[in-house]
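Welcome! Here is a friendly walk through a structure that may be new to you, taken one part at a time.

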Amino acid sequence: MITLVKRPMPSRFWSFTTPVLAVIATMIAGGVLFAILGKDPVAAIKVIFYDPLFGPNAAYFRGQLLVKAGPLILIAAGLAVGFRAGIWNIGAEGQYIIGALAGASVALAAFPAESHWLFPAMVVAGALGGWIWGMIPAVLRVLFGTSEILVSLMLVYVAQSFLAWAAFGPLKNPEGYGFPGSRNLQQYPSAHNPELIAGTGMHWGVVAAFVAVIATYVLMSRHIAGFRIRVAGEAPRAARFAGVLPAKLVMFCLGLSGALAGLAGMFEVAGPSGQITDSFNAGYGFTAIIVAFLGRLNAIGILLAGLLMALTYIGGDMAQLMLGLPTAAIQVFQGMLLFFLLGFDLLTQYRLRVGKGSK
Amino acid sequence: MTGSLLKIEGLTKAYPGVVANDGVGFEVAPGKVHALLGENGAGKSTLVKMIYGLVKPDAGRMELSGRPYTPAEPRAARAAGVAMVFQHFSLFEALNVAENVALGMENPPPMRDLAERIRAISAAYGLPLDPARIVGDLSAGERQRVEIIRCLLQDPKLLIMDEPTSVLTPQEVEILFHTLRKLAAEGTAILYISHKLEEIRSLCDGATILRGGKVVASCMPREKSARELAELMVGGEFAATDRAGRKSGAVILEVDHLNLPPMTQFGPALKDVCFTLAAGEVLGIGGVAGNGQEELLATLSGERPSGPGTVSLHGQDISDLGPNDRRRLGLLAAPEERLGHAAVPNLSLTENAILTGTVRRPLTRNGFLNMGAARRFAEEVIKGFDVRTPGPHVAARALSGGNLQKFVIGREVLQAPEVLVVNQPTWGVDAAAAAAIRQALLDLAAKGAAVIVISQDLDELMEIADRFCALNEGRLSDPRPTEGLTMEEIGLMLGGAHGMQEAAL
């Protein structure tokens with residue numbers, strides 16, 4: 001019989017080891033899944049994890065890695081701050097959409113004027129848009145005690161409807177021959193968020209993601225505000241005793257994660273995506289939740305987890321293309337990663353004892 | 001009445017890292033009240049859990065009425081005639097008395113018959129209780145009566161009582177003892193667990209003293225003095241607290257007509273609480289927990305701000321200030337619940353030092369944590385208050401209750417408060433540590449600070465407080481000097497016997 005014994009202190013060793021174990025377990029279980037689907041598991045795993053980095057077309061895919069990882073990391077860094085406080089923003093996808101709409105609206109309103117001020121103004125608008133969308137569940141929770149989980153999630157669908165309306169309506173390209181979607185900002189120099197170093201995929205959004213990682217790391221581990229956020233998540237009564245006001249905390253966390261998600265959306269629409277369409281959002285806001293937990297809600301961990309997740313995105317696309325794996329199989333594969341991570345996470349708090357257990 | 005009802009030999013139970021019981025043996029005769037005496041962690045709870053079938057012993061044997069007795073679960077123990085009243089009640093507040101009793105029975109009779117039997121038993125043993133009342137409205141003493149009657153309905157041969165008087169007023173204790181003596185006279189054996197020595201001397205016919213999981217002595221409690229019993233329990237000399245060298249000065253804290261709505265559904269409201277507190281003074285607030293103690297601490301610490309003008313410090317109205325603003329002005333507090341309120345279980349002691357220490361100690365620079373300074377502060381607390389731990393990096397939850405309590409009290413005392421409010425400062429703390437905490441509070445007052453001690457332990461309050469008042473159902477009695485106060489008077493201040501004066505004593 002196997003019994004679980006609670007450790008007196010969380011194990012440092014296991015908190016570093018469990019993500020690695022989870023990745024290995026995902027590879028094994030994923031391999032089994034692919035084998036059941038009639039694909040060669042070793043080839044599939046190689047296409048997903050190895051080829052994008054070192055395969056024949058790696059030069060192109062390596063650039064894609066940062067393009068995909070940038071928004072994931074930027075959003076997850078903000079979400080993790082709230083998650084540490086026990087404030088669950090599930091609606092980053094919606095905040096991402098509104099941030100993109102706000103940024104693109106500023107650019108499209110100014111078109112075709114060229115100015116050095118336009119891009120910074122778009123950055124501010126994007127952050128502000130996401131912040132407002134994040135503050136809606138925050139204010140409702142503070143005033144009426146609603147669940148921020150449900151409200152933020154439902155606002156994703158509101159944002160999606162908003163996006164479709166904008167893409168077919170006010171933001172539609174007047175010279176677009178009736179096709180839905182806005183002007184392409186990649187062809188509007190003042191508004192464009194370009195690749196900064198050719199071939200790397202590095203754009204301002206990736207820079208912002210790195211800055212967010214460093215800033216949230218310093219906030220959570222070195223600053224009294226981050227300390228209070230951690231206390232609030234661990235022991236709400238102790239937090240109140242330490243002088244934390246729950247209302248302020250809710251607004252700060254949802255506002256911050258909303259603003260960062262909004263920024264991610266804005267950088268995406270001004271850069272890699274280029275235009276607002278009704279299918280502009282690609283699920284970054286939801287995947288970032290996985291990234292935040294995969295990174296153990298730690299800024300550095302999120303950086304690594306974001307890169308890993310981006311790799312499974314790119315590798316998953318390649319596997320679809322080259323091996324004909326269904327999209328759903330790739331999504332299951334990504335879900336397994338979170339599943340195994342949370343499962344192995346048990347080992348940081350508990351030790352397994354095999355043998356005769358005492359009741 | 002010869003022979004023994006319960007006989008225990010060589011009972012041993014080990015947990016990882018600690019031997020809770022090591023070859024424990026004793027006997028209880030029918031009709032006797034037998035005391036199990038020992039400090040926290042001496043192994044009393046483990047021992048009775050084995051007798052009640054909650055824990056399985058590793059070795060040793062038990063006999064009940066001359067037959068081998070190995071209860072696999074509490075149900076088997078109850079079937080064999082063993083009943084237990086726990087220290088913490090397991091009652092549903094939203095249900096009435098009869099419903100609660102029925103929930104604990106294997107085959108509950110129809111509610112009307114049960115109510116009848118509850119009435120009969122409560123009359124027979126002088127424990128008045130209305131079966132139709134909602135448990136949420138009952139006092140702690142009345143709730144205990146529900147648990148006792150639940151046991152008596154089983155007609156037990158052996159009744160185990162775990163620290164039964166910790167929540168009772170002196171009058172209620174008298175009534176309980178009256179009931180227990182009556183039960184014993186009818187032939188029921190009672191195993192009585194406590195660390196209150198005077199009680200044991202007046203009630204028990206025999207005592208087994210445990211220390212570190214072993215039986216260190218057996219005696220007739222009446223033949224020993226309380227001091228001798230304490231020294232057997234602790235295994236050493238007992239240091240008396242020194243309350244010399246204090247004189248009270250000007251009024252620092254003033255609480256004026258403080259009212260507060262209940263924080264939880266069955267929680268008490270604070271009603272018109274008034275008192276003043278002078279520098280150098282220790283004010284003891286007695287009363288059974290759940291009568292507004294937590295609420296009073298929360299309003300004084302700033303966690304629950306109160307109406308304007310109700311709390312003033314040095315003449316300044318601080319009613320609407322939060323905990324950190326009050327700390328800045330010198331008003332500090334240590335709540336009762338150590339894990340999750342006074343300290344964060346999963347954070348290290350260094351981080352727990354930061355929890356309340358940043359306002360009065362330079363632990364931050366421009367909002368950034370100075371971890372070195374925080375660690376030094378935690379080490380200072382550990383050293384100054386003899387906290388037994390490998391170091392400040394250890395998580396709070398890894399400490400024993402007593403050690404964590406020393407850390408929590410030390411953390412506040414070393415911040416040099418002008419007013420310190422503590423709730424149940426020695427609850428669950430061993431005698432030596434409790435004495436150290438009391439001395440620290442007295443020393444703090446000797447340096448000119450004002451101290452409020454909220455406690456259920458009346459002996460503790462008599463030992464260190466200059467003035468005493470009682471908090472009962474959210475009302476605070478007028479503070480009176482402790483010198484010359486008798487237990488009788490204290491009992492009446494505590495609300496007497498909660499509507500039981502009519503019971504025959």
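In which sense do strand β1 (residues 6-15) of chain B and strand β2 (residues 18-28) of chain B pair, and over how many bridges? The two strands pair in the antiparallel sense, over seven bridges. Please keep in mind from the start that this is a predicted model.

B:Lys7 stands opposite B:Glu27 in β2(B), and B:Ile8 has B:Phe26 of β2(B) as its bridge partner. In a regular strand, side chains alternate between the two faces of the sheet.

β1(B) also pairs with strand β4 (residues 59-64) of chain B: five bridges join them, and the two run antiparallel. Here B:Glu9 stands opposite B:Arg61 in β4(B).

Put together, the strands of chain B form an open sheet of four in the order β2-β1-β4-β5, with antiparallel pairing. Why do β2(B) and β5(B) each have one side without a neighbour in the sheet? Both β2 and β5 (67-68) of chain B stand at the edges with a single partner strand each, so one side of each is left without a neighbour there.

One place to look is B:Leu158, which stands opposite B:Ala189 in β8(B).

**Two domains in chain B**

The domain assignment divides chain B into domain 1 (6-234) and domain 2 (251-493). The C-alpha centres of these two domains of chain B lie 32 Å apart. Their contact takes 15 residues from domain 1 of chain B and 14 residues from domain 2 of chain B.

On the domain 1 side of this contact, α6 (170-185) and α8 (226-234) of chain B each supply at least two residues. α8(B) gives the most to that side, with three residues. By class, the residues on the domain 1 side divide into six nonpolar, seven polar and two charged.

**Helix pairs in chain A**

| Helix pair | Angle | Distance between axes |
|---|---|---|
| α12 (299-323) and α13 (327-349) of chain A | about 150° | 9 Å |
| α7 (204-222) of chain A and α8(A) | about 70° | 5 Å |

With an angle of about 150°, α12(A) and α13(A) are therefore roughly antiparallel to each other. Their crossing is right-handed. In the contact, A:Thr312, A:Gly316, A:Ala319 and A:Gln320 of α12(A) meet A:Thr327, A:Ile330, A:Phe333 and A:Gln334 of α13(A). By class, this contact has three nonpolar, five polar and no charged residues.

How do α7(A) and α8(A) lie relative to each other, then, and what is the reason? The angle between them is about 70°, and α7(A) and α8(A) are therefore roughly perpendicular to each other. The contact is made by A:Leu219, A:Met220 and A:Ser221 of α7(A) with A:Ala225, A:Gly226, A:Ile229 and A:Arg230 of α8(A). Its residues comprise four nonpolar, two polar and one charged.

**Where the chains meet**

How many residues of each chain are in contact with the other? The contact involves 17 residues of chain A and 25 residues of chain B. On the chain A side, the elements that give two or more residues are α8 (224-234) and α9 (236-241) of chain A. α8(A) gives the most to that side, with five residues. The chain A residues that touch chain B divide into 11 nonpolar, two polar and four charged.

Conventions: Residues numbered from 1 in each chain as written. Chains lettered and ligands numbered in written order. Predicted model: local features only at pLDDT ≥ 70, side-chain atom pairs only at ≥ 80, totals over all residues. Pairing = 2+ DSSP bridges. Axes fitted to C-alpha atoms, helices over the stretch in contact; angles between N-to-C directions. Parallel < 35°, antiparallel > 145°, perpendicular 65-115°, else oblique. Left-handed = near helix turned anticlockwise from the far one by under 90°. Contact = placed C-beta atoms within 7 Å. Nonpolar A, V, L, I, M, F, W, Y, C, P; charged D, E, K, R; others polar. Domains from an automatic or database assignment.
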